[in-house]
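Please keep the structure open while reading.

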Amino acid sequence: MSSYVGVLVSDPWLQSQFTQVELRTLKSKFVSNKTQLERFTVGDLPPVFSKLKAFNGTIDEDEIKSVLDKSYSNADDEVDFETFLRAFLSVQARGVEKTGGSKGSSSFLKTSTTTVHHAINESEKASYVSHINNYLRDDPFLKSYLPIDPATNAFFDLVKDGVLLCKLINVAVPGTIDERAINTKKTLNPWERNENLTLGLNSAKAIGCTVVNIGTQDIAEGRPYLVLGLISQIIKIQMLADLNFKKTPSLFQLVDDTQDAEELMGLAPEKVLLKWMNFHLKKAGYEKQVTNFSSDVKDGEAYAYLLNALAPEHSTHVALETKDPTERAKKVLEQAEKLDCKRYLSPKDIVDGSANLNLAFVAQIFQHRNGLTVDDSKTSFAEMMTDDVETSREERCFRLWINSLGTATYVNNVFEDLRNGWVLLEVLDKVSPGSVNWKHANKPPIKMPFKKVENCNEVIKIGKELRFSLVNVAGNDIVQGNKKLLLAFLWQLMRYTMLQLLRNLRSHSQGKEITDVDILNWANRKVKRGGRTSQADSFRDKNLSSGMFFLELLSAVEPRVVNWSLVTNGETEEDKKLNATYIISVARKLGCSIFLLPEDIIEVNQKMMLILAASIMYWSLQQQSDTESTVSEDATDDGDANSVAGEISNLSIDEASESSPTVQDQELLTKAEKDEDEVDGENNKDA
């Protein structure tokens with residue numbers, strides 16, 4: 001593997017939006033223009049962007065200028081590389097919107113935010129507001145603000161302090177956020193508001209939302225299209241929550257054999273919903289196949305058949321006999337209301353083919369009347385597919401982590417979606433820039449089994465170059481879906497990523513690698529310096545189950561973040577769970593992106609304990625004030641502490657001067673010349 005470091009960006013989210021091929025190409029363009037111009041400003045961007053292959057033929061210079069004028073008030077502002085990248089994303093979003101496409105084959109959940117629509121769909125807004133009014137109307141804090149009038153912009157004002165966002169996430173996936181960690185006051189200061197928004201965004205990622213092109217400031221400013229994009233994902237997760245085999249084992253009635261059951265388990269929830277709908281439509285004599293929630297349902301006919309099949313006691317066949325689509329849609333909604341389905345969409349939404357609202361409508365029908373029965377002859381499928389609890393938790397953790405990286409492909413099931421090797425290559429490209437040679441990769445759909453093996457062999461090869469423990473592991477093990485080996489590989493990949501994040505806090509670090517022991521010793525020193533007594537012997541230390549060590553660590557890195565009046569002594573199982581849920585929410589509130597569950601803390605899952613400590617360490621070392629104190633404090637320590645100090649002695653992200661091309665820039669320019677043709681090629685992935 002080449003020793004080439006790649007292009008590093010200080011903002012992890014921004015880094016995740018691009019492949020290294022794209023970053024090298026854009027970096028070369030940036031450096032080239034900055035070198036030629038005395039001052040490289042926002043006003044210079046339109047002619048530069050208009051010449052990029054990415055926008056060739058889709059958006060012209062005048063349109064680019066119009067997009068940038070909305071984002072940047074002063075065209076004379078000087079541009080640094082990160083501003084250049086953010087401006088590129090804004091223009092790209094406009095290009096995607098203009099062409100009416102999305103930037104990849106990701107799932108319905110991801111598409112809703114990667115395809116940015118600046119024009120607000122009033123029907124969708126009204127539907128989401130109605131949903132919020134219905135589910136949060138009895139909330140002790142929010143009830144004084146509800147119901148929201150969907151005809152106004154009051155919704156966008158109410159979401160700005162983060163409370164509604166956090167509460168809605170708990171409606172979608174109960175227990176995600178410990179509500180004791182939410183700042184709930186009539187008037188919040190900027191710090192408290194930002195904590196709520198940070199908690200909300202990190203928790204949204206932790207339930208499966210893909211947070212693309214959105215930050216705390218976007219919500220604080222109430223940017224409508226970004227707020228609605230996030231809210232729609234949260235509501236969809238809630239509406240599709242029952243479309244899995246643990247909650248609804250009767251879904252196995254949709255398949256005939258084990259192979260079909262495995263395939264069904266790997267489908268996205270919205271695909272399972274379509275399969276369920278077609279299952280009933282076929283039984284009802286409907287001859288067409290519904291493949292989407294837009295054009296295939298806009299005439300209302302499929303709905304009429306579906307409701308007649310599911311609720312024959314309410315069937316009048318009037319909807320089927322009605323010829324006018326709008327009138328038929330009215331009848332369909334009237335019939336659905338008899339099943340207690342709330343009316344969140346209008347007949348016009350059905351006729352217009354509003355995909356988001358139609359998806360929610362079908363999901364609501366499923367929740368109230370799925371029409372499935374538990375088939376004893378197929379209970380063996382459920383028994384065969386049941387994982388142990390720890391395996392299920394690890395699969396969930398790795399799936400959510402992968403989706404948070406911003407890869408092009410949305411993962412619905414780790415054990416199914418990763419078997420062709422492509423997603424693993426995408427992840428490796430994110431966490432180890434430049435490690436994947438995309439010319440040798442086989443892009444899905446892959447029909448030939450040996451092509452999948454080739455991808456997975458490349459995954460194992462790169463893993464060995466990254467010094468993963470892969471003795472007697474071959475690409476075919478991944479293709480065959482060996483769960484134990486796949487989870488072991490993903491754990492090493494997640495651990496490597498966390499350690500590299502710590503190491504790369506210095507852009508040109510020459511120190512030794514960060515180790516698990518370094519993280520443990522750092523955490524123990526932090527707690528000790530905070531005047532607390534807890535210490536951890538290892539990440540297997542059973543004393544960690546009480547939660548006190550991590551609460552004291554969080555308090556040490558940010559004294560005001562823990563409310564000690566809410567902390568228990570952690571002696572009983574109930575107290576341990578209260579502390580564990582509080583720890584997770586406080587860490588997310590601080591800014592840590594973590595995917596563990598309270599059970600991982602209570603049971604002292606060694607892997608998750610390491611990641612939690614490393615995440616807190618990463619946040620702490622990013623703060624400039626903590627950087628200065630760490631340098632002076634660590635200098636007084638000896639032994640392993642000195643080794644950490646040698647690695648992180650200057651932890652603030654060092655942005656090198658862009659005024660003239662450096663040696664590294666020259667390397668980038670040379671490398672980019674070779675890569676530029678790849679950016680728009682078949683192997684180019686989502687920015």
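## Backbone: cis peptide bonds

This is a predicted model. Pro-147 sits in the loop that runs between helix H7 (122–136) and helix H8 (154–158). The peptide bond joining Leu-146 to Pro-147 is cis, with omega about 0°.

Another cis bond links two prolines, Pro-444 and Pro-445. Its omega is also about 0°. Pro-445 belongs to the loop between helix H23 (422–431) and helix H24 (449–465).

## Backbone: positive phi

Asp-340 is not a glycine, yet its phi is positive, near 70°. Look for Asp-340 in the loop between helix H17 (325–337) and helix H18 (347–352). Its relative accessible area is 57%, so Asp-340 is exposed; the cut-off for exposed is over 50%.

Asn-472 also has a positive phi, about 60°, without being a glycine. This residue lies in the loop between H24 and helix H25 (475–479). Asn-472 is exposed too, at 77% relative accessibility.

## Helix packing: H14 and H19

Two packed helices are described by the angle between their axes and the distance between the axes. Helix H14 (residues 269–283) packs against helix H19 (residues 355–368) at about 65°. Their axes are 11 Å apart. The H14 and H19 crossing is left-handed.

Which residues meet in this pairing of H14 and H19? H14 brings Glu-270, Leu-273, Trp-276 and Met-277. H19 brings Leu-359, Val-362, Ala-363, Ile-365 and Phe-366. Of the residues in this contact, eight are nonpolar, one is charged and none is polar.

Conventions. Residues are numbered from 1 along each chain as its sequence is written. This is a predicted model: local features need pLDDT of at least 70, side-chain atom pairs count only at pLDDT 80 or more; totals for chains, interfaces and linings use all residues. Side-chain values use heavy atoms; hydrogens and water are left out. Axes are lines fitted to C-alpha atoms, for helices over the stretch in contact, and angles run from 0 to 180 degrees between N-to-C directions. Helices (H or I, at least four residues) and strands (E, at least two) are DSSP runs, numbered from the N terminus. A crossing is left-handed if the near helix is turned anticlockwise from the far one by less than a right angle, and right-handed if clockwise. Contact means heavy atoms within 4.5 Å. Ala, Val, Leu, Ile, Met, Phe, Trp, Tyr, Cys and Pro count as nonpolar, Asp, Glu, Lys and Arg as charged, and the others, Gly among them, as polar. Buried means under 20% relative accessible area, exposed over 50%, partly exposed in between (1.4 Å probe, protein chains only).
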